[in-house]
Amino acid sequence: MSMDNNGQIVKHEQDVLVGSSRITSANQKEYDREAYMVENMNHNKAYLSSLENDKNTSPTELLVRFQRDYKEYRRLWTDQPKECYKQSIAPNLLDKGYRPLSIDIETAAICDLACPFCYRESLATPDKTMNMKLFKSIVDQAADLGVPSIKLNWRGEPLLHPKLYKMVEYAKQKGIIETIINTNATKLTRQTSERLINSGLDFMIYSFDGGTKETYEKMRPGRFKNNNFDDVYQNIVNFSNIRNKMGARFPRTKIQMILTKDSYHEQESFFSLFKEFVDEVTVTQYTERGGNLKDLNRDERIQYDDLCSQLGLSKDTPYMKDANGNIMVSSSRIACEQPYQRMLITYDGCVAMCCHDWGAMHPIGYVSSDSFLSGEIDKLKVIQNVEENKKGFELMRDIKLPPKFNEPENKVETLSRIWTGKEVEKVRSAHREKKIDKINICKECTFKDTYNWKGA
């Protein structure tokens, strides 16, 4: 599961529900991600790099340009998919000004945790990191396209890449306005914290499940050694203190907890743990597609059955439990925004359809030949390690090779060609024509925003 780049405006007089996430704040003031970025653009490392290199533009004019570009990016995040779905302009997307708004780059596929709810526990994911040459090539192309935002992770833990901070620095030097990472914070040492702050990282999202030591360590066991609640919690507290001591405006921080049977009743303790040390504290429901109805208690199952009956839906209809414990069911599918918002690139250069295609099962192109020359070999090695009971693979007994739902031609292409290519347009067309379930990976998608949810 992966969070998107969509910003959220939060009222902080009390905890509130925004969509399906409950949110609070450390500073008890209204926090608006767009406003904060715009107001502090003079501290943004991409702006500062341009200021140093562009001698023909005044500092004020340059600042206004960066602020304008960021606000336009945030507008397009919502409006671009709507505008594009109204028309079929695939080959002319770039000519019309519709570029990728964000690129997810899997700098590290390896992870040091073995969370039981993670797709890594069922789909073979190689313990690999991206080489710097490929990373720079991707960023160079993104900069040429005018991509405003980059997230430097996907399935793995980005802090396991020894050059992550250099990657952030490179992206900022190339003019990428917003850089983001998700991290489990196990490797967030003092040195790493200082390097990330100095690199120009804009936004850091912590994944931390559980409001108590017992639940956290159950939900987030270590792969190679025990993962300790106290150590990780202290890393997060220390980062806040280091950032404050350095007087840095960035990165802003957010922490999120997925609501499961174990963590649902620990929401208040979760907020209490982090409200003084993290800028945004959120909890998000865990989405099920049916099939795990046993996870519902008796009253929830009655509520689910009644809803399905009222709406004339089958008893395997996808359901969702929100942060207040309300059951909702899906009455229909909604065209996904991601095909017109972002691109995702694996550690070896495979361009996957979206960030919810966890096994890169529906590739839409390749920016490196490594992905079709050695990708399957890397995955088979993971399965072999499981079968041989290698250390770090003991909890992956149900792992399998990800199926391949799409077979693009084995050739290296540019990001611009892939963005306007026939492979992704097949997906966009299916969504535009309300034939979403004809795309295998979309049919099985758990991304809550592609469903029309109905409650009591």
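Ala46, Tyr47, Ser50 and Leu51 of helix H2 are in contact (heavy atoms within 4.5 Å) with Pro59, Leu62, Leu63 and Phe66 of helix H3. By class, this contact of H2 with H3 comprises 7 nonpolar residues, 1 polar residue and no charged residues, where Ala, Val, Leu, Ile, Met, Phe, Trp, Tyr, Cys and Pro count as nonpolar, Asp, Glu, Lys and Arg as charged, and the others, Gly among them, as polar. The structure is a predicted model, in which local features need pLDDT of at least 70 and side-chain atom pairs count only at pLDDT 80 or more, whereas totals for chains, interfaces and linings use all residues. Residues are numbered from 1 along each chain as its sequence is written, and side-chain values use heavy atoms, with hydrogens and water left out.

Two packed helices are described by the angle between their axes and the distance between the axes. H2 and H3 (residues 59-85) pack at an angle of about 145 degrees, with their axes 10 Å apart; the axes are lines fitted to C-alpha atoms, for helices over the stretch in contact, and angles run from 0 to 180 degrees between N-to-C directions. Helices (H or I, at least four residues) and strands (E, at least two) are DSSP runs, numbered from the N terminus. The crossing of H2 and H3 is right-handed, a crossing being right-handed if the near helix is turned clockwise from the far one by less than a right angle, and left-handed if anticlockwise.

The axes of helix H4 (residues 132-145) and H5 come within 10 Å and cross at roughly 25 degrees, and H4 and H5 are therefore roughly parallel to each other; angles under 35 degrees count as roughly parallel, over 145 as roughly antiparallel, 65 to 115 as roughly perpendicular and the rest as oblique. Their crossing, too, is right-handed. Met132, Phe135, Lys136, Val139 and Asp140 in H4 meet Lys166, Met167, Tyr170 and Ala171 in H5, a contact that divides into 6 nonpolar, no polar and 3 charged residues. Ser137 is also found in H4 and, at 29% relative accessibility, counts as partly exposed (buried means under 20% relative accessible area, exposed over 50%, partly exposed in between, with a 1.4 Å probe and protein chains only). Although Ser137 and Ser368 are 231 residues apart in sequence, their C-alpha atoms are 9.8 Å apart in space.

For helix H6 (residues 190-199) and helix H8 (residues 229-246), the axes come within 10 Å and cross at roughly 50 degrees, so that H6 and H8 are oblique to each other. H6 passes H8 in a right-handed crossing, in which Arg190, Ser193, Glu194, Ile197 and Asn198 of H6 meet Phe239, Ile242, Arg243 and Met246 of H8; by class, 4 of the residues in this contact are nonpolar, 2 polar and 3 charged.

Within H6, the residues Thr192, Ser193, Leu196, Ile197 and Ser199 are buried. Seen down the axis of H6, these buried residues fall within an arc of 165 degrees (taken over the directions from the helix axis to the C-beta atoms), so they line one face of the helix. The buried residues of H6 pack against helix H2 (45-53), helix H5 (164-173), strand S7 (178-183), strand S8 (203-207) and H8. H6 is followed by Gly200, whose phi is positive, near 105 degrees.

Trp419 lies in helix H13 (residues 415-419) and, at 2% relative accessibility, counts as buried. The C-alpha atoms of Trp419 and Leu94, 325 residues apart along the chain, are separated by 8.7 Å.
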